[in-house]
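Morning, everyone. Let me put the model up, and then I'll walk you through the packing.

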Amino acid sequence: MAIAVPSPSSPPQSSVPDAWRMPSRDDFGRYVETTMAEVLRDLEKDRRKMIRKIAITTAVVLGLAPIAVLIGTALHAKPAAVAYAAGLLAIAAIIACGYGFTKAYKREFKGRLISPLVQFFGADFVYSADAFVDSDRYSASRIFRTAFTRYSGEDYIAGTAGRTRFECSEICSEYEREYVDSKGNKQKSWKTIFSGLFIVADFNKAFSGGVWVFPDSLESKLGWLAHKLQEWKLDRPGQLVKLEDPEFEQLFAVYATDQMVARYVLSPSLMKRITEYRQRLSHPLWMSFSNGVLYVALAPDRDLFEPKMLSVVDREQCMSVYDDIAIGLGIIEDLNLNTRIWSKR
Amino acid sequence: MTPLLVVGGIVMLVLLVVVIMYNGLVAKKNQVDNAFAGIDATLKKRFDLVPNLVAVVKQYMQHEAETLTNIAKLRSQAQAGSAGSDAHLAAENQLTKAIGSVLVAVESYPDLKASTNFLELQTSLNEIEEQLSASRRFFNSAVVDLNNAIQMFPSSIMASMMKLTRRELFSVPEAERQNVNVGNLFKS
C-alpha cells in the first residue's frame with residue numbers, strides 16, 4: 001500500500017488548529033441585512049432599469065414592424081413575404097437586445113453581490129464569474145471517462161478553509177457526436193458528459209493511487225447480482241471494492257487502484273459522513289480521491305449563482321446564493337476535511 | 001454425431017465451471033494471505049516506532065516507568081512470536097492497548113504534549129493505526145469472501161477437495177469492545 005508515513009525525525013510542522021466553520025444561515029442573513037442593504041438597493045434599480053429597457057425595446061420594435069411592413073409592401077409586390085421577414089427581424093432584434101441587457105445585469109449582480117457574499121465565508125476566498133476549474137483538474141479526477149471536445153464553465157470560487165485548500169465552479173464537458181439522419185446525411189451534435197458543480201479540495205490523508213465513488217443505481221434493485229455486474233464494468237477505473245457499510249453500499253459503487261488504499265481513504269466514519277451528505281442532496285454525487293486530492297462532482301437541478309430576473313433583489317435572493325455556496329463549501333465541514341491528525345498537514 | 005457433440009459440449013462446460021471455481025478459490029485464498037501480509041507490514045511499521053516512543057516519552061513521564069517497561073516487554077514478545085501466530089497477535093493487541101494508555105496519560109504532562117518530537121510521533125502513530133484499521137478491514141472482507149465460497153454450494157465441494165478451511169475474522173479484543181470509561185483512564 002502506497003501511503004506516506006512521516007519519519008519521526010522529519011521537520012516540525014504547524015499544529016495550529018485552524019477551525020474553519022461554515023457560517024450559519026442566520027449569521028449570513030444578519031450580514032446581508034447590515035452590510036449589503038445599499039448594494040441590494042442599487043441592484044434592484046439596475047434590475048428595474050433592465051426590465052424597462054427590454055419593455056421599451058420590445059414596444060419600439062413592435063411599433064416599427066408594421067411601419068416596415070407598410071413601406072416594404074409599397075416597394076415590393078409580395079406583402080406576405082415582407083410581413084414574414086419583418087416579423088423574423090423583430091423577434092431577432094428583441095432577443096438580441098434582451099440578451100445584451102440581461103447579460104450586463106448578470107455581470108453587475110455577480111460582481112457586486114456574489115463576490116462580497118463569498119468573502120463572508122472566508123476573507124481570502126475569491127470569486128470570479130467567468131473563470132472555472134481547469135480542465136486538467138477535471139481530467140485528473142478520472143470520474144468521467146468519455147473524452148471531451150468542449151469544456152466550459154463559470155462561477156469560480158477558491159480559497160483555504162482552515163487547512164483545506166479548495167476550488168469549485170460550475171463546469172460543462174461535452175463531446176461532438178456524428179450521426180446519420182433519416183435522409184442519409186451526416187449530422188453533428190453536442191452531447192453533454194457532465195454539467196454541474198465540480199469541487200476540488202485538499203484531502204486530509206496522504207496516499208498514492210485512486211479511489212472512485214460512483215452513484216449506484218443497481219445495488220438497491222439487484223442486490224448481490226449488482227456486485228457481479230459492477231465487477232465487469234470495463235469503463236470504470238481500478239477494481240471493485242466491497243465495503244462493510246450497507247447503507248453506503250446501497251448508494252455507491254466504489255472502485256480503487258488498491259483495496260487497502262480504498263479502506264484507508266474510506267474509513268467507517270467518512271463513509272457515514274458521505275452517506276449523510278448524499279442523503280441531504282436531491283441529485284447525483286460522484287467522488288474521486290486521487291493522490292491526496294478530493295474531487296467531487298454534483299449535478300444540481302438548477303443553474304447556480306444566477307440572479308432571478310423577475311424577482312426583487314432582496315435578502316431572499318441572497319439566501320439562495322448562500323444555499324448555492326453551501327453546496328460547494330459544505331463538503332469541507334460535512335466530510336471533516338480539516339481534521340489533520342494523520343501524516344498530512 | 002449430434003449426441004456426441006452434445007456430450008462433448010456438456011463435458012467442456014463442466015470442465016470450464018470446474019476451472020473457474022478452482023481458480024476463484026485459489027484467488028480468494030491468495031487474497032486472504034495478501035491481506036494478512038498487509039496487516040503484518042503495518043504492524044512492523046508500528047513496531048519500529050515503539051523504541052522512539054519510549055525514548056521520547058520516558059524523560060517526561062517518570063511516573064509511568066512501569067507502563068514504558070511493559071511496552072518494551074510487549075515489543076520483545078511480539079518480535080519473538082512467529083508472524084500470524086496467536087502469541088504474536090496477542091502481544092500486538094496488548095501493545096495497541098499499552099500505546100493507547102500512554103497516549104492518554106500524556107494529557108497529564110503538558111511539556112511532553114507540546115514537544116515537537118512527541119507530536120511527530122503521535123501523528124505517525126495515528127497514521128499507522130488508520131492504516132492498520134484499513135488492513136484489518138481488507139483482511140476481514142477477503143476472509144468473508146473466502147468463507148462464503150467455502151460454505152456455498154457448489155464451490156463448497158471443490159473447497160473440501162482442496163482441503164480449504166474457514167478462516168477466522170480479525171476480531172477486536174474483548175477489552176476494546178467495551179465502552180471507554182474516560183474517568184477510569186485518568187485515574188492514576
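First, a term: helices (H or I, at least four residues) and strands (E, at least two) are DSSP runs, numbered from the N terminus. This is a predicted model, where local features need pLDDT of at least 70, side-chain atom pairs count only at pLDDT 80 or more, and totals for chains, interfaces and linings use all residues. Residues are numbered from 1 along each chain as its sequence is written, chains are lettered from A and ligands numbered from 1 in the order in which they are written, and side-chain values use heavy atoms, with hydrogens and water left out.

Start with the inventory. Chain A has ten helices and nine strands. Chain B has eight helices and zero strands. Along its sequence, chain B reads α-α-α-α-α-α-α-α.

Now burial. Buried means under 20% relative accessible area, exposed means over 50%, and partly exposed is in between, using a 1.4 Å probe and protein chains only. In chain A, 44% of the 345 residues count as buried. In chain B, 36% of the 188 residues do.

Next, contacts. Contact means heavy atoms within 4.5 Å. Take contacts between residues at least 6 apart in sequence. In chain A, 69% of those join residues at least 24 apart. In chain B, the share is 77%.

On to the sheet in chain A. What is its strand order? It is an open sheet of nine strands, E1-E2-E3-E4-E9-E8-E5-E7-E6, with antiparallel pairing. Strand E1 (126-128) and strand E6 (239-241) of chain A are at the edges, each with a single partner strand, so one side of each has no neighbour in the sheet. From one strand to the next, the twist averages 20 degrees. For that angle, axes are lines fitted to C-alpha atoms, for helices over the stretch in contact, and angles run from 0 to 180 degrees between N-to-C directions. Two strands pair if DSSP finds at least two bridges between them. E1(A) and strand E2 (residues 150-161) of chain A pair in the antiparallel sense over three bridges.

H3(A) lies across E1 and E2 of chain A, at about 155 degrees to E1(A).

Those two helices also meet each other. Helix H3 (residues 79-121) and helix H10 (residues 315-334) of chain A pack at an angle of about 55 degrees, with their axes 11 Å apart. That makes H3(A) oblique to H10(A). The cut-offs: under 35 degrees is roughly parallel, over 145 roughly antiparallel, 65 to 115 roughly perpendicular, and the rest oblique. Which residues of H3(A) meet H10(A)? Phe109(A), Leu113(A), Ile114(A), Leu117(A), Val118(A) and Phe121(A) do.

Helix H1 (residues 25-35) of chain A packs with H3(A) at an angle of about 135 degrees, and the axes are 11 Å apart. That makes H1(A) oblique to H3(A). Asp27(A), Phe28(A), Tyr31(A) and Val32(A) of H1(A) make the contact with Pro116(A), Leu117(A), Phe120(A) and Phe121(A) of H3(A).

Gly122(A) is in the loop between H3 and E1 of chain A. It is buried, with a relative accessible area of 10%. Gly122(A) and Thr160(A) are 38 residues apart in sequence and 7.8 Å apart in space, C-alpha to C-alpha.

Last, the backbone. Most residues other than glycine have a negative phi, and most peptide bonds are trans. Here are some exceptions. Arg142(A) has phi near 55 degrees, a positive value. Arg142(A) is in the loop between helix H4 (135-141) and E2 of chain A, and is partly exposed at 36% relative accessible area. Asn336(A) has phi near 60 degrees, also positive. Asn336(A) is in the segment after H10 of chain A, partly exposed at 30%. In chain B, the peptide bond from Phe153(B) to Pro154(B) is cis, with omega near 5 degrees. Pro154(B) is in the loop between helix H5 (116-151) and helix H6 (155-161) of chain B.
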